[in-house]
Amino acid sequence: MKKLRIILSVIVIALAGYSLITKNFEFMSYLMFFLGAFMLVMGLDELQKDRKRFEGYMCIIVSLFIFFVSIQGFLLD
């Protein structure tokens, strides 16, 4: 899980940095998709550690919302 979290965070940071530097926002749907995947992994990691707190559930709920938004972005492109 830790390696997956690191890989997803590097992808999210790279896409966000590219969008900010070039002011080209055509990859925003991909950024949102990978951000949703990153949040889902964070939430599942919290629940696996038996820390059944609010943060783990909130990460999963937010990731589902981000997936919904990114799918809408893919459909509108």
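Which residues make up the largest nonpolar core? Before you click, bear in mind that this is a predicted model.

**Stop one: the core.** Select Leu 8, Ala 37, Phe 38, Val 41 and Phe 67; these 5 residues are the largest nonpolar core. Now colour helix H2, residues 28–48: with 3 residues, helix H2 gives the most to this core.

**Stop two: Phe 67.** Keep Phe 67 selected and show what surrounds its side chain. Setting aside neighbours within four places in sequence, Phe 67 is in contact with Phe 33, Gly 36, Ala 37 and Leu 40. Ala 37 you have already met as a member of the core.

**Stop three: Ser 63.** Move along to helix H3, residues 54–76, and pick out Ser 63. Is Ser 63 buried or exposed? Ser 63 counts as buried because its relative accessible area is 0%, and the cut-off for buried is under 20%. Not counting residues up to four places away in sequence, Ser 63 touches Gly 36, Met 39 and Leu 40.

**Stop four: the rings.** Next, show the aromatic side chains. The structure holds 6 aromatic pairs. Zoom in on Phe 33 and Phe 34, an edge-to-face pair with 5.7 Å centre to centre and 70 degrees between the planes.

To finish, select Tyr 18, Phe 27, Tyr 30, Phe 33, Phe 34, Phe 67 and Phe 74, which ring pairs link into a cluster. Phe 67 turns up here as well as in the nonpolar core.

Note on methods
Residues are numbered from 1 along each chain as its sequence is written. This is a predicted model: local features need pLDDT of at least 70, side-chain atom pairs count only at pLDDT 80 or more; totals for chains, interfaces and linings use all residues. Side-chain values use heavy atoms; hydrogens and water are left out. A nonpolar core is a set of buried Ala, Val, Leu, Ile, Met, Phe, Trp, Tyr and Cys residues joined through side-chain atoms within 4.5 Å. Buried means under 20% relative accessible area, exposed over 50%, partly exposed in between (1.4 Å probe, protein chains only). Helices (H or I, at least four residues) and strands (E, at least two) are DSSP runs, numbered from the N terminus. Contact means heavy atoms within 4.5 Å. Rings of Phe, Tyr and Trp (its six-membered ring) pair if their centres lie within 6.5 Å; planes under 30 degrees apart count as stacked, over 60 as edge-to-face and the rest as tilted.
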